[in-house]
Amino acid sequence: MPGLFITLEGGDGSGKSTQSALLTEWLTAAGRTVLVTREPGGTDVGVELRNIVLHWRGDIAPRAEALIYAADRAHHVATTVRPALERGEVVVQDRYIDSSVAYQGAGRVLGGEEIRDLSLWATEGLVPDLTVLLDLHEDEGRDRMAERTTFDRLEAEQAEFHARVRAAYLELAEAEPQRFLVLDAREPRETIAAAIRERVSALL
Ligand code: TYD
């Protein structure tokens, strides 16, 4: 496809949205058309699904949770991401398949491979050109999140859940070093932004 698909991944509070904004600013200044988007909730239907999966006050069966994220992703890719890539745009996206593999596959212990296959089916096999992993120890992510006030079912999980998520992300990155750029989320935001720009420059 003519466009470039960049995803940002990492635990809650790792600074993905800050880096997404800095990268978008730089790409736009360089004359690129950028679609900034996120999962869950990158479409109108997705906003409804996001509300259910993050803010539902009761239990959601783990497989149902995985399917809601996959449904959000299927609709988002079909109606928003793939068309933008076909138009030759750069898509900068907060979270994608790796989030499901880490949170549902490892966090909820549903199994990474099956979750990955589910998402690949949902997206007809759309894989990012570059995935930036902002790596942060789970305790630090939680300290950063403590400043936020909204309740989120996934963030509310125990430390062991978030430790499994982090370990799964690092394993994914190790398995696909060509696709991943792993950065220490504790570095200053400008240092991280510069490292991302360098890698994106090479792809443009
Ligand atoms: P997000 O809006 O990125 O929250 P934050 O800004 O706190 O990182 O994501 C919402 C939550 O959804 C986050 O806790 C991770 C979770 N999530 C999954 O569990 N699976 C998925 O496939 C995705 C996309 C997100």
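**Note on the predicted model**

1. Glutamate 124 is found in the loop between H5 and strand E4 (130-135), where helices (H or I, at least four residues) and strands (E, at least two) are DSSP runs numbered from the N terminus. This is a predicted model, in which local features need pLDDT of at least 70 and side-chain atom pairs count only at pLDDT 80 or more, while totals for chains, interfaces and linings use all residues. Residues are numbered from 1 along each chain as its sequence is written, and side-chain values use heavy atoms, with hydrogens and water left out.

2. The phi of glutamate 124 is positive, near 55°, in a residue other than glycine, and with 69% relative accessibility glutamate 124 counts as exposed (buried is under 20% relative accessible area, exposed over 50%, and partly exposed in between, with a 1.4 Å probe and protein chains only). Valine 109, in the loop between H4 and helix H5 (112-122), also has a positive phi, of about 55°, and is exposed at a relative accessible area of 61%.

3. The peptide bond from glutamate 39 to proline 40 is cis, with omega near -5°, and proline 40 lies in the loop between strand E2 (34-38) and H2. As background to these backbone points, most residues other than glycine have a negative phi, and most peptide bonds are trans.

4. The largest nonpolar core has 32 residues, of which Phe5, Val81, Val91, Tyr103 and Leu126 touch the most other members; such a core is a set of buried Ala, Val, Leu, Ile, Met, Phe, Trp, Tyr and Cys residues joined through side-chain atoms within 4.5 Å. Two or more residues each come from helices H2 (44-55), H3 (62-86), H4 (97-107) and H7 (159-175), with H3 giving the largest share, seven residues. Apart from this core lies another, of 18 residues, including Ile6, Val34, Val132 and Leu136.

5. Leaving aside residues up to four places away in sequence, valine 81 touches Phe5, Thr37, His76, Val91, Gln93 and Leu126, a contact being heavy atoms within 4.5 Å. Across the protein, 78% of the contacts with a separation of 6 or more join residues 24 or more positions apart.

6. The protein has eight helices and five strands, which run β-α-β-α-α-β-α-α-β-α-α-β-α from the N terminus on. Its radius of gyration is 16 Å, close to the 17 Å that the globule rule gives for 204 residues, so it is as compact as a globular protein of that length; the radius is taken over C-alpha atoms, and the rule is 2.2 Å times the number of residues to the power 0.38. Of the 204 residues, 49% count as buried.
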